[in-house]
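This briefing covers the fold, cavities and local backbone features of the structure shown below.

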Amino acid sequence: MTIEFSPLLPWIAIGALAALAALLAALGLVQRVRGTLVRAVALAVVALALANPILSQEERAPLSTIVAVVVDRSQSQQSPERIRMTDAALQGLKDRLAQFPQIEARIVEAADDPDTESPSTRLFTALNSALSDVPPARVGGAIFITDGQVHDVPGINQPLGFDAPVHALITGRPDEFDRRVEIVSGPRFGIVGEEQVVTYRVIDDGPTPDGPAEVTISLNGQEIARQPVTPDTDIPFRFTVPRGGNNILEVAVAPLAGEVSAANNRAVHVLDGIRENLRVLLVSGEPHSGERAWRNLLKSDAAVDLVHFTILRPPEKQDGTPINELSLIAFPTRELFVEKIDQFDLIIFDRYQHRGVLPIIYYDNIAQYVEKGGALLIAAGPEHAGPDSIATTPLAAVLPASPTGSMTNEGFYPRLTDEGKKHPVTRGLEGADSEPPHWGRWFRTVDVDRPQGQTVMQAADGRPLLVLNRVGKGRVAMLLSDQGWLWSRGFEGGGPSVPLYRRMAHWLMQEPALEEEALTAHATGRMLEIDRQTIKGDPGPATVTLPSGRQETVTLGEAEPGLYRTRLQTAETGLFEIANGDLNTLVHVGAVDAPEFKATVSTTALLQPWADKTKGLVHRVAGEGNQVDLPSILPVRGAVRVADAQRLSLRMTDETVLKGVTSLPLFAGFLGLAALLLVLSATWYREGR
């Protein structure tokens, strides 16, 4: 209850009147005038009435004490046992806090940020967000429900923004252990065919069993090594880069029975294979108009080392010209097709025919070269239908089609077959989506029997024009016309000769992006994009195995002919495995060195310093069997000065909120009138005597 003033006149005026009254009263007392004291009291009452005193009484209600409960929902908390412990601890804590009406619990669940590629457990960030609008005096404490692996613990000398206990309820068990594998170092790029070194380490957390760890290493889905390793030791592994483009090296350590999580038992390293100085051997059987098209294409690529020979003078040509007057280079057949054949990435026979330049045994060498992984391109002309066709040599064993001995000489538009519209080599060629195709005509083709492999382009009446086939580990392509040069010369508007020839060459050299049957995936942030390339029709759904071990089935929709695609927004980060039919691939979502996967064993060590400083409690909730052991709540008035080893101490607030104010003017109404009448009556009474 308080007294306030609401003056009827300005305070200066009231002060002047009060001073005048005091002066008159003083003179009266000095001169001993009768009734001076009564007059002074009357004047004082009048001045007080002018000051208008008001009696006020506030009505206040106590404010609740805010307790922040931060629940860890990060990936390390997603094992079935920890989920059960977390849910049970949260429910039990709600029940205990509900017994105190003056306590208001603010529950916030801290999950991984979906916009970050490096997931981590950031509980103190969630705590600050939950209490951002709460005055520090109202905070009664903070309670974390977590496995203890917190990655944003502030320095012990940094302020929290409130003065109240910090408690931690730890899920997991004290005897937990985990085994994981990490890539320590490795190159980002590597030359195809050269040796590279990746260093990895198997790490044991907790009381793991003694003995070596069994590690399996796979490259592009194929197992290449098994080796026992000593944990906590850097292990270098040497391997040869097998192909251009992405190469995925997977290191997997055998899981331990009873370990916390198997999500971190695999690690991948992505290496981009670079072909250095691709070696291409181009052999032209005779000079012709299309020869320059091949040469210009290959010479324009700085990464290609081209060896080109044109047979200008076959052995049967005898015109009497002395050898010393010929400006021809001898064809080094033994060096090219015996000694150095394995050094070539691609061999092209351009309108070549068997005329005694190459011994028969050399064709067999070329066939073996293909079967061991080499690439062969046949650009055929009229000679391929004649008696000296290379299809009559041992090379026929790897050719996808045999000539019938006849040619078709009529104008036609090269068209994509149904397979060609889906095959990466020919899909999307500019001009192919109109009828007739928006490109120039060709005028002759070599007739062949029914070919093996895929016919991706056809000539008039559906005759094969471009055939692709796999032989052993290698690949063969046959272009059954020598008039592709018409496109490069712009005849009738030309055509996409450069992309067609380039794609053929790269497919032959096993470029991963041009595989006709492939499953690939890549991640952008938390968005996982899955591509399925096929020429066989709808591949059906794909199965995605998440880092937690949970599986999801996703439907692949046709993005364009032969290419099926889907996108999946992921909540988890880590190593994802995608499978479709016989194909599977791996992709890592998020940073490979994310803190969330470096340690998954529950711990009390990280939060114990803050509990000690704020008089809090760090308590493991795991009880006997499936029971959850929770401490009771201890409300404390005033500052918490002593930690309780068995209870969660919470500082209760003394803050209140104003609900209303009751005001009573003392000189208003009958009370003021009575006081004035009293002093005036007293003055008159004294004067009357």
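**Overview**

The protein chain has 689 residues, of which 47% count as buried (under 20% relative accessible area; exposed is over 50% and partly exposed in between, with a 1.4 Å probe and protein chains only). This is a predicted model, in which local features need pLDDT of at least 70 and side-chain atom pairs count only at pLDDT 80 or more, whereas totals for chains, interfaces and linings use all residues. Residues are numbered from 1 along each chain as its sequence is written, and side-chain values use heavy atoms, with hydrogens and water left out.

**Fold and contacts**

- The secondary structure of the protein chain comprises 13 helices and 36 strands (DSSP runs numbered from the N terminus: helices are H or I of at least four residues, strands E of at least two).
- Among contacts in the protein chain with a separation of 6 or more, 72% are between residues 24 or more positions apart (contact means heavy atoms within 4.5 Å).

**Transmembrane annotation**

- An unreviewed UniProt entry places the feature "transmembrane region" at residues 12-30, 37-55 and 664-685; positions follow the numbering used here, feature names are shortened, and annotations may be inferred rather than shown by experiment.
- In the model, residues 12-30 are 100% helix and 0% strand, and the end C-alpha atoms of this span lie 27 Å apart.

**Helix H4**

- Helix H4 (residues 123-130) has the buried residues Leu-123, Phe-124, Ala-126, Leu-127 and Ala-130.
- These residues lie on the same side of H4 because they cover an arc of only 155 degrees around the axis (the arc of the directions from the helix axis to the C-beta atoms).
- The cover over the buried residues of H4 includes strands S3 (65-72), S4 (103-110) and S5 (139-146), together with helix H12 (608-614).

**Cavities**

- There are 3 cavities of 30 Å³ or more in the structure. On a 1 Å grid over the protein atoms alone, a cavity is a set of points where a 1.4 Å probe fits but cannot get out, and lining residues have an atom within 4 Å of a point. Grid points are joined across faces, edges and corners, and a volume is the space filled by probe spheres set on the points.
- The largest cavity contains about 100 Å³ of space, and its lining consists of Val-280, Leu-297, Leu-298, Asp-301, Val-304, Leu-346, Arg-502, Ala-505, His-506 and Met-509.
- Helices H5 (291-299) and H10 (497-508) each supply at least two residues of that lining, and H10 gives the largest share, 3 residues.
- By class, the lining of the largest cavity has 7 nonpolar, 1 polar and 2 charged residues (nonpolar: Ala, Val, Leu, Ile, Met, Phe, Trp, Tyr, Cys and Pro; charged: Asp, Glu, Lys and Arg; polar: the others, Gly among them).
- The second largest cavity holds about 60 Å³ of space. Of its 13 lining residues, Trp-294, Ser-481, Asp-482, Gly-484 and Tyr-501 are the closest to its centre.
- The lining of the second largest cavity has 6 nonpolar, 5 polar and 2 charged residues.

**Loops and backbone geometry**

- A cis peptide bond, with omega of about -5 degrees, joins Glu-435 and Pro-436; Pro-436 is in the loop between helix H8 (418-422) and strand S21 (442-448).
- Asp-232 is not a glycine, yet has a positive phi of about 65 degrees. Asp-232 sits in the loop between strands S11 (222-229) and S12 (234-240) and is partly exposed, with a relative accessible area of 49%.
- Glu-492, also not a glycine, has a positive phi of about 50 degrees. Glu-492 is in the loop between helix H9 (485-488) and H10 and counts as partly exposed at 39% relative accessibility.

Conventions. 1 Å grid on protein atoms, 1.4 Å probe; cavity = no way out; pocket = protein on both sides within 12 Å on 5 of 7 lines; lining within 4 Å.
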